[in-house]
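Try each one before you read the solution.

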Amino acid sequence: MTDVIVLNGGSSSGKSGIARCLQAVLPDPWLALGADTLVDAMPASLQASDAGIEFAPDGQVIVGPEFRMLEAAWIEGVAAMARAGARVIVDEVFLGGADSQKRWQKALGELRVLWVGVRCDSAVAAGREVARGDRVIGMAASQADVVHRGMVYDLEVDTAHAESMECARTIAAHVS
């Protein structure tokens, strides 16, 4: 049976909506954790510093050594929850593309993972970003393609052409 579903996509691509829909359609309880969960858990001093994570005015995201250290511990913690029996949906933004996936693959090890690419046209994601009002303008466009570079997925969905629930049902059909 699938232990972990990893949703990777740029900002405002629809990952969080898909995760909530997956929780509604999958028969067992699943935890939904994501990049925002990690950032929100960090002290304010690391949410705008060279050592932590910075959101540049143009939408670029810059991470420092303290962020990487906490991120590594967080990834191991998510993997430990899955090993302990919690089924987990990971809502991620792989800014490092394939290198980010390798970090997760190493931590998840023997767990059964469904890797899902969440694609969204950059113009559509940028429109969502403006409507949300809680993101730095430019993040969606800058991340739309780069997060998928070098990635290997079991499945891809496109939220520019399908609603979150439809994407969730497609993903759920691949969960064993």
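**Exercise 1.** In which sense do strand 1 and strand 5 pair, and over how many bridges?

*Solution.* Before starting, note that this is a predicted model, where local features need pLDDT of at least 70, side-chain atom pairs count only at pLDDT 80 or more, and totals for chains, interfaces and linings use all residues. Residues are numbered from 1 along each chain as its sequence is written, and side-chain values use heavy atoms, with hydrogens and water left out.

Step 1: Strands (E, at least two residues) and helices (H or I, at least four) are DSSP runs numbered from the N terminus, and two strands pair if DSSP finds at least two bridges between them.

Step 2: look at strand 5. Its pairing with strand 1 is parallel, over 5 bridges, and L7 sits opposite D91 of strand 5.

**Exercise 2.** Work out why strand 1 counts as largely enclosed.

*Solution.* Step 1: sort the side chains. V4, V6 and N8 point one way, while I5 and L7 point the other way.

Step 1: check burial (under 20% relative accessible area is buried, over 50% exposed, in between partly exposed; 1.4 Å probe, protein chains only). In strand 1 (residues 4–8), 5 of the 5 residues are buried, so the rest of the structure largely encloses it.

**Exercise 3.** Find the aromatic pairs and say which parts they tie together.

*Solution.* Step 1: apply the rule. Rings of Phe, Tyr and Trp (its six-membered ring) pair if their centres lie within 6.5 Å; planes under 30 degrees apart are stacked, over 60 edge-to-face, and the rest tilted. That gives 2 aromatic pairs.

Step 1: W74 and W104 are edge-to-face, at 5.7 Å centre to centre and 90° between the planes. W74 is in helix 3 (residues 65–83) and W104 in helix 4 (residues 98–108), so this pair links parts 30 residues apart in sequence. W74 is buried at 16% relative accessibility, and W104 is buried at 1%.

Step 2: F94 and W115 make a tilted pair, 6.5 Å centre to centre with 50° between the planes. F94 belongs to the loop between strand 5 (87–92) and helix 4, and W115 to strand 6 (residues 113–119), so parts 21 residues apart in sequence are tied together. Both F94 and W115 are buried.
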